[in-house]
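Visitor: Hi! I'm new to this one and would like a quick tour. Could you walk me through it?

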There are 2 protein chains.
Amino acid sequence: MPRTPQNPERRRDQLLDCAQTLFFEQGYEATTVNHILQRSGLSKGGFYHYFASKEDVLEAIVARVAERSVAQVNDLVEQDNGDALTRLNAFLRRSRQLKLETAPQLRPLFSVIFSPGHQSLFHRINQANMTLVGPLLARLIQQGIEEGRFQVPDATAAAEIIMQLGASTYDAVGRAVYAQGTPEAKAANQALERRLQFQGLAIDRILGLPDGSIRYIDPGFVEALMRLLDDTAE
Amino acid sequence: MPRTPQNPERRRDQLLDCAQTLFFEQGYEATTVNHILQRSGLSKGGFYHYFASKEDVLEAIVARVAERSVAQVNDLVEQDNGDALTRLNAFLRRSRQLKLETAPQLRPLFSVIFSPGHQSLFHRINQANMTLVGPLLARLIQQGIEEGRFQVPDATAAAEIIMQLGASTYDAVGRAVYAQGTPEAKAANQALERRLQFQGLAIDRILGLPDGSIRYIDPGFVEALMRLLDDTAE
DNA sequence: TATTACAGACAGACCGTCGGTCTGTCGTCA
DNA sequence: TGACGACAGACCGACGGTCTGTCTGTAATA
């Protein structure tokens, strides 16, 4: 194999890209270092020049994904325009949009989300996400408390719980994706839609808001999501 | 190594016991089949006579743990005495008690709960638990709806969300355990107590009950838990 | 400008250990 | 006594990771 020296940062990013694709497609455990080498065209020596271990790559990917997603919502929290409820709704809308955008990329992951190989990967991304996004959400809730709109004893705890609910969405979506193509698909979609609608209601109530204050999902969200996932499947 | 033939069921259980201890102590990935063999005194041939793979052992353990925990709360749901709220509180009390009882066993797990090896193990146990216990809780909530006490559009979705909250408890507890022995220990404990208290409140509100209807934790629960974990540590 | 020296960027053979297989043996019960 | 379940343990391929060596861009020196 010929040597093709590259800009270190590019190489590192390239390796991360390759690894991320493979991890999402087949899971962390099922992906071998040799797979990554094959895909990137690099040698083992090269790989271990950039990363201390396969686990190290995972950590880098988790950090990168989390950073990117926090960057997507950061501006909403930075600029303080409007009351807390408006901003919270904007925050949730952006999160939703983010989910839709990354859905195609995550599609192979969803179809096997129940396989054990993916759960660790997935849980870690969520964990990192919560660590980074949680404080932002907490500040937002704190504002709502100070405005006297949110009836909540502890902003941090509330943020954690709400984020936990958000994370559980993936599980629910995964179950619906799993049912796709089967006779139960329609029922599964409806169950998911009910579930998501309930999550919005749950957030309302947890924050002590009147039912329906939070717009968690738009009607037909599930249908749109499923179509998006199906289109990219074939 | 001499042969010591045993009753098949005993052997299987013994293998599961050994594996479970090791998985809890060091995590699933870090535990090798050889470790299990060493601890049980069995040979490889013997091991693979009972289980198809290491993964197979995990599944069996997950199923066993989940079955045992469902058995602990099943009676409360079977016999229908009292209104839904009373029964729900009994259900939660039993769950709490169950957590306290298994805490010492889980102690080594908590201290390294953030290590990646444990997350898959942990997530899977939770998943199995939710699958088994979820429907029970849903029936309970359904009763509350029919009584007109719970204001909830979908019992199943509500049950799922509440269980999700319960599962996230371990993460929160893990964080507090992690801080134990450091200067932040006290603050971490207080944060955990607030967090757990909030979870009870969240359940109240999600179900449309007046604040304080659900007794999720007794005061000093966290202190007691931490003492329990510390005692078994040394 | 030509030469040299050096450090970082790789290549790839190699190693120990892992999960899992396979063949054979022992004990038990029909 | 033979057949079958319950093991024993040598063995295998593949994996993550190491090690030594080589190539190349760059900067200092003359």
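Guide: Happy to; we can start with one chain, then look at how the chains meet, and then at some details. Keep in mind that this is a predicted model.

Visitor: Good to know. How many helices and strands does chain A have?

Guide: Chain A has nine helices and zero strands. Following the sequence, the pattern reads α-α-α-α-α-α-α-α-α.

Visitor: And what does its C-alpha trace span along the principal axes?

Guide: The C-alpha trace of chain A spans about 65 × 45 × 25 Å.

Visitor: What share of its residues is buried?

Guide: Chain A has 234 residues, and 34% of them count as buried. Looking at contacts in chain A with a separation of 6 or more, 65% come from residues 24 or more positions apart.

Visitor: Switching topic: how many residues are in contact between chain A and chain B?

Guide: There are 21 residues of chain B in contact with 21 residues of chain A. On the chain B side, α6 (116–147), α7 (155–179) and α8 (185–206) each supply at least two of the residues that touch chain A.

Visitor: What kinds of residues are on that side of chain B?

Guide: The side of chain B that touches chain A has nine nonpolar, six polar and six charged residues.

Visitor: How are the two chains related? What rotation superposes chain B on chain A?

Guide: A rotation of 180° does it, with 0.0 Å of shift along the axis and an RMSD of 0.1 Å. That is the relation of a two-fold axis. The same surface serves both copies, with 100% of the contact residues of chain B recurring in chain A.

Visitor: Where is the kink in α4(B) centred?

Guide: The kink in α4(B) is about 35° and is centred on B:Gln72.

Visitor: And which residues in α4(B) are buried?

Guide: The buried residues in α4(B) are B:Val57, B:Leu58, B:Ile61, B:Val62, B:Ala66, B:Ser69 and B:Val73.

Note on methods: Residues numbered from 1 in each chain as written. Chains lettered and ligands numbered in written order. Predicted model: local features only at pLDDT ≥ 70, side-chain atom pairs only at ≥ 80, totals over all residues. Helix = DSSP H or I, 4+ residues; strand = E, 2+ residues; numbered from the N terminus. Buried ≥ 20, exposed ≤ 12 C-beta atoms within 10 Å, placed from the backbone. Contact = placed C-beta atoms within 7 Å. Nonpolar A, V, L, I, M, F, W, Y, C, P; charged D, E, K, R; others polar. Least-squares fit on C-alpha atoms with pLDDT ≥ 70 in both. Bend = angle between axes of the 7 residues up to and from the residue.
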